[in-house]
Amino acid sequence: MVTSEGATEMENNQDRIIHEVTQNEYKYGFYTDIETELVPPGLNEDIIRMISGRKKEPEWLLEWRLKAFRHWQTMKMPSWAHLKIPEINYQDIIYFAAPRQKVKPESLDDVDPQLRETFDKLGIPLDEQKRLTGVAVDAVMDSVSIKTTFSETLAELGIIFCSFSDAVKNHPDLVRQYLGSVVPYTDNYFAALNSAVFSDGSFCYVPRGVRCPMELSTYFRINAANTGQFERTLLVADEESYVSYLEGCTAPMRDENQLHAAVVEIVSMRKAEVKYSTVQNWYPGDKEGKGGIYNFVTKRGMCKGDYSKISWTQVETGSAITWKYPSCILRGNNSTGEFYSVAVTNNHQQADTGTKMIHIGKNSSSTIVSKGISAGHSQNSYRGLVKVLKNATNVRNFSQCDSLLLGDKCGAHTFPYIEVENSSAVVEHEATTSKISEEQIFYCNQRGINLENAVNLIVNGYAKEVLNKLPMEFAVEAQKLLQISLEGSVG
Amino acid sequence: MTHYSLLTFFSSDSRLTTHDSRNLLVMLQIKNLSVSIQGKQILYDINLEIKTGEVHAIMGPNGSGKSTLATTLAGRENMEVTHGSVTYFGENLLEMPPEERARKGIFLGFQYPVEIPGVSMVNFMKTAVNEQRKYRGLPPFSAADFLKFMREKKDLVSFDSQLTNRSVNEGFSGGEKKKNEIFQMAMLEPVLAILDETDSGLDIDALRIVANGVNKLKNQNNATLVITHYQRLLDYIIPDFVHVLYDGRIVKSSGKELALILEEKGYDWIRKEYSNGAGM
């Protein structure tokens, strides 16, 4: 009935998955011992000048950083989230760390073999031949971009996909035009901090009428100790273009907490569509809640033109604390915003995540599907705002916020905010909270499926609506990640 | 009747050819079994022996402990066995976790099948069948082979094609849920099938479909334990033995004619006889 070749292949595949599922440790927790160039710890104008100088930035950008820094000094860390954040001493953090490479690599052969090995180990080979066809990668370690693959292939279509530093150098007008146009440096505490000290990140511009033929992705890796990562991503989709973008992230296991405060800005012009997916797997800390990344991120997209669309999909499994609200400003008429999220918290993790949909354009619509999964002693909150402005007629929103609890020591919370100033709007909100029932588990057991696989099956079923939104190659990864994240949370 | 061809179909299964089909083997032996739930005793001193090739029916009024017996055999955690033993082909069944019992061929058709949102029937069955195959040292099905296998089984028990694309039992009607249990039974090819009130809530057409499915799956190497309140299912699934469970005890065991007597006289007859004799 079964061909033996196919059977062995499937068996191997199965074994591999089982092996991955049963390993308890965070598998990306290794550290690469590489010579790293650091600026001294602390934050002041000299440090910012040093970062800007090291990156040979133009004067306007330094000025922008300094303005952001001065503004940040007047601000206080937000305290409204349902999070317990230990005090952070911003003078203890190192704001710039670069793995030492003699020259900026022109080809893959110039990339330090140790760095190549690091990314190979993370499953992100920088070698274009080995890469999944159809995915271009910008690999970022600590404060710098190591290598961007497929840049040349994309350039033939007029698509710019490069590190943020290269964009500042080679496309200063585009950067200047859009930097801070969606998330101004005054926006919030962490956005201001990022604007002052941001190091690297990705830049993408898709010209008018071009459909980007491959997935673009950035892989962020924190390596050096006591450093923060402050990357900045800027995506611009010109009229009638399309791009799908994915980011992934990991960090070594350490007892100290590390700060990650990124900013992502997206601009979608008339009839353009941007799909932005995140698989966030920062080190979450150990079982007792020691260590882990503080992930305080501002992500926002502007649907600038009519009929434009921005879709956020996130699978959040890592970080000790997550504070993140990927949002859409729906300025164009008939524009569309989407937010699909699975947030998993286990052990002592805390997450306060959700979205904001700001409806300015007429006939604009938005969809929110949030699936929270809490286990262990974790706290998982959804916080979302749907706002309809006075002139936005015929707005539609549908929100669905589901929480799934595993065990009785965790918490799930939903904080929906709805502000409607136009009476023609139709805003719907649905919320459910459920537990995996003993009946469901027994039903699976009775069909020969053990407890752990039963939980995986049920959790993946619960999250399916969101996982289906991920690009194919990553949906499988995300499924496995869910399994690993919930390892040992039941029974 | 296609009984003969079905027998040859089943004998192609490597699992079944290990038994000599001419000899009836003792499959399940329940001895002096007493079961409590949360400290309350439900079953008293149950004795039952099931051999390969047999069909047993357990009948009894509501609350007599029928479902408790079924779920105890399937291994549900909150059933506390306070006394007695259960062996399955000579092995101590009570020591096995529920998934191991399932992999060894014990199937429970649930009285109230549970919904599992987002998990498609295809995915659920593929996981279950491959778990069982792994246990038996067989390679997992490839996607194509699995779909072919599923199509065969769907046809065998007249299961609606659309339903396998939906989430497990989600939004299924009562009848669809019960048919789904029989479909899963066909997929898992159990050695001992325990059907807990599979007939309840079914109209006569659905009942016939369900019973047909059970009859088609029956052979000399497996056994069926039908649990029912009503006699009417036993018009379609003819039992070799009928046992009456009353107040947690098996108070009568006999051939299939017992079901007809029960139908005629009602459970009151048992109630009277039992309470008269209980004083002894």
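Two strands count as paired if DSSP finds at least two bridges between them. Keep that idea in mind as we walk through this complex, which is a predicted model. In strand 9 of chain B, the bridge partner of B:Gly109 is B:Leu195. B:Gly109 belongs to strand 6, which covers residues 106-109 of chain B. Strand 6 and strand 9 (residues 192-196) of chain B run parallel to each other, and 4 bridges join them.

Now step back to see where this pair sits. Chain B has an open sheet of 6 strands in the order 6-9-10-3-11-12, and its pairing is mixed. At the edges lie strand 6 and strand 12 (249-254) of chain B, each of which pairs on one side only. From one strand to the next, the twist averages 20°.

A helix joins the picture here. Helix 3 of chain B, residues 66-74, packs on the sheet and touches strand 3 (55-59), strand 6, strand 9, strand 10 (223-228) and strand 11 (241-246) of chain B. The direction of helix 3 makes about 145° with that of strand 9 of chain B. Is this helix mostly covered or mostly uncovered? It is mostly covered, with 8 of its 9 residues buried. Among these buried residues are B:Lys66, B:Leu69, B:Ala70 and B:Leu73. Just after helix 3 of chain B comes B:Gly75, with a positive phi of about 95°.

Why does B:Ser120 count as partly exposed? Its C-beta neighbours inside 10 Å number 17, and a residue would need 20 or more to be buried, or 12 or fewer to be exposed. Beyond its neighbours within four places in sequence, B:Ser120 is in contact with B:Asn165, B:Arg166 and B:Ser167. B:Ser120 and B:Arg166 are 46 residues apart in sequence, yet their C-alpha atoms are 5.3 Å apart in space.

Chain A has 11 helices and 23 strands, and buried residues make up 52% of its 491 residues. If you take the contacts in chain A with a separation of 6 or more, 82% of them come from residues 24 or more positions apart. A:Gln258 is buried because 24 other C-beta atoms lie within 10 Å, and the cut-off is 20 or more. A:Gln258 and A:Tyr294 are 36 residues apart in sequence and 6.0 Å apart in space, from C-alpha to C-alpha.

How do the two chains meet? In this model, 23 residues of chain A are in contact with 26 residues of chain B. Helix 1 (4-22), helix 9 (438-446) and helix 10 (451-467) of chain A each supply at least two residues of the side that touches chain B. The residues on that side of chain A divide into 10 nonpolar, 9 polar and 4 charged.

Finally, a word on confidence. The predictor gives the complex an ipTM of 0.89 and a pTM of 0.78. Chain B averages a pLDDT of 86, and 90% of the residues score at least 70. Over residues 1-21 of chain B, however, pLDDT stays under 50. Where pLDDT is low, the predicted coordinates should not be read in detail. For residues 1-21 of chain B, the model has 14 contacts beyond four places in sequence.

Notes
Residues numbered from 1 in each chain as written. Chains lettered and ligands numbered in written order. Predicted model: local features only at pLDDT ≥ 70, side-chain atom pairs only at ≥ 80, totals over all residues. Axes fitted to C-alpha atoms, helices over the stretch in contact; angles between N-to-C directions. Contact = placed C-beta atoms within 7 Å. pLDDT = per-residue confidence, 0-100. Nonpolar A, V, L, I, M, F, W, Y, C, P; charged D, E, K, R; others polar.
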